[in-house]
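Hi there,

Here is the structure I promised to pass on to you. Have a look at it first, and then read my notes below with the picture open beside them.

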Amino acid sequence: MKVEVRVYPKEGVLDPQGKAIAAALGRLGHRAVRDVRAGKVFFIEVEGKDAKAAEADAKKMAEELLANTVIEGFDVRIVP
Amino acid sequence: MKFAIVVFPGSNCDQDCLHVAKDLLGCEAELVWHGDRDLKGADIAILPGGFAYGDYLRAGALARFSPVMETVSAFAKGGGLVLGICNGFQVLLEAGLLPGAMRVNRGLRYVCRDVKMRVENTDTPFTRLYSEGEVVTMPIGHMEGNYTAAPDVLDRLEREKRVVFRYCDASGRVVDEANPNGADRGIAGIASREGNVVGLMPHPDRCAEAVLGNDAGRKMFESAVAALAAR
């Protein structure tokens, strides 16, 4: 089973990388871009068939290691 | 008086710290590999600068799971003196031994230069030989030194006098132009509630002897020795 964990800067936390990317997109002519927040995605392969358990486990992984919850939020989804 | 200097895979200032403790201060000092669980009877533990685990995921995020960190954590909770310098500070944040987190520098660049800092608190074991309000110059070299914490955490740090150093200009004013990385409220270093754990981004280990052109950092190490002698 595959689990996807997305980690991104929390709303309101300054994201210098997102800001730089937004500025670059603007320079490239993408004038509609208002804001960008840059994050990370983890594709995790796990054993077992219990999606609920895998989701709970991935949430724990995010809290323990993948995200720094002081500045980052995350979400978890099972990849169908 | 004995120093333990923790060596993670990717630490690169461990020898600098060892040199300061051993050759400059004449103390006993030993390197402790991150896989060990024993601080070898040390009175002071230093987490040095570098790029532990290549800074993969986030600076300090993987190092905090090293076996030695359980020992460092227990040592800190028991009142042992712990100093985290640069990457060592990042490890202390990730380990939860100090509050807050580091973001990428606001300029998105690695910044390597001298900065000025105002000594905000001389009541910690690592700053007792400085004077309050003193402006010191120390070098920095980091990509993620943009300190942040929730506003209530920052307020608490201020209230409890746990901000130890702030970036400032030559006359000691904490102004935005003097802030090299965007850190909230110009914070360069903080202490734990009991004061025994201190972390800072600048490198006192790289400015601890006159031959280097600056020995402003030496007093941090001497402070710790004086603090232990006074216990």
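In chain B, strand E6 (residues 111-119) and strand E7 (residues 135-142) run antiparallel and are joined by eight bridges. Please keep in mind that this is a predicted model. To find one point in the pairing, look for B:Arg113, which stands opposite B:Ile140 in E7(B).

Once you have B:Ile140 on screen, you can follow strand E7 of chain B along its two faces. Which residues lie on the covered face, and which on the uncovered one? B:Val136, B:Met138, B:Ile140 and B:His142 make up the covered face. The uncovered face of E7(B) consists of B:Val135, B:Thr137, B:Pro139 and B:Gly141.

Now zoom out to the whole of chain B. In total, chain B has five helices and eleven strands. Its C-alpha atoms fill a box of roughly 45 × 35 × 35 Å along the principal axes. Does the radius of gyration of chain B, 16 Å, agree or disagree with that of a compact globule? It agrees, because a compact globule with 231 residues would have a radius of gyration near 17 Å. Of those 231 residues in chain B, 55% are buried. If you take the contacts in chain B between residues at least 6 apart in sequence, 76% of them join residues at least 24 apart.

Next, chain A. Here you will find two helices and three strands, and from the N terminus on they follow the order β-α-β-α-β. The C-alpha atoms of chain A fill a box of roughly 45 × 25 × 15 Å along the principal axes. The radius of gyration of chain A is 16 Å, whereas a compact globule of 80 residues would have one near 12 Å. Buried residues account for 14% of the 80 residues in chain A. Among the contacts of chain A between residues at least 6 apart in sequence, 65% join residues at least 24 apart.

Finally, see where the two chains touch.

Best wishes

Definitions and conventions:
Residues are numbered from 1 along each chain as its sequence is written. Chains are lettered from A and ligands numbered from 1 in the order in which they are written. This is a predicted model: local features need pLDDT of at least 70, side-chain atom pairs count only at pLDDT 80 or more; totals for chains, interfaces and linings use all residues. Helices (H or I, at least four residues) and strands (E, at least two) are DSSP runs, numbered from the N terminus. The radius of gyration is taken over C-alpha atoms; the globule rule is 2.2 Å times the number of residues to the power 0.38. A residue is buried if 20 or more other C-beta atoms lie within 10 Å of its own, exposed if 12 or fewer, and partly exposed in between; C-beta atoms are placed from the backbone. Two residues are in contact if their C-beta atoms, placed from the backbone, lie within 7 Å. Two strands pair if DSSP finds at least two bridges between them.
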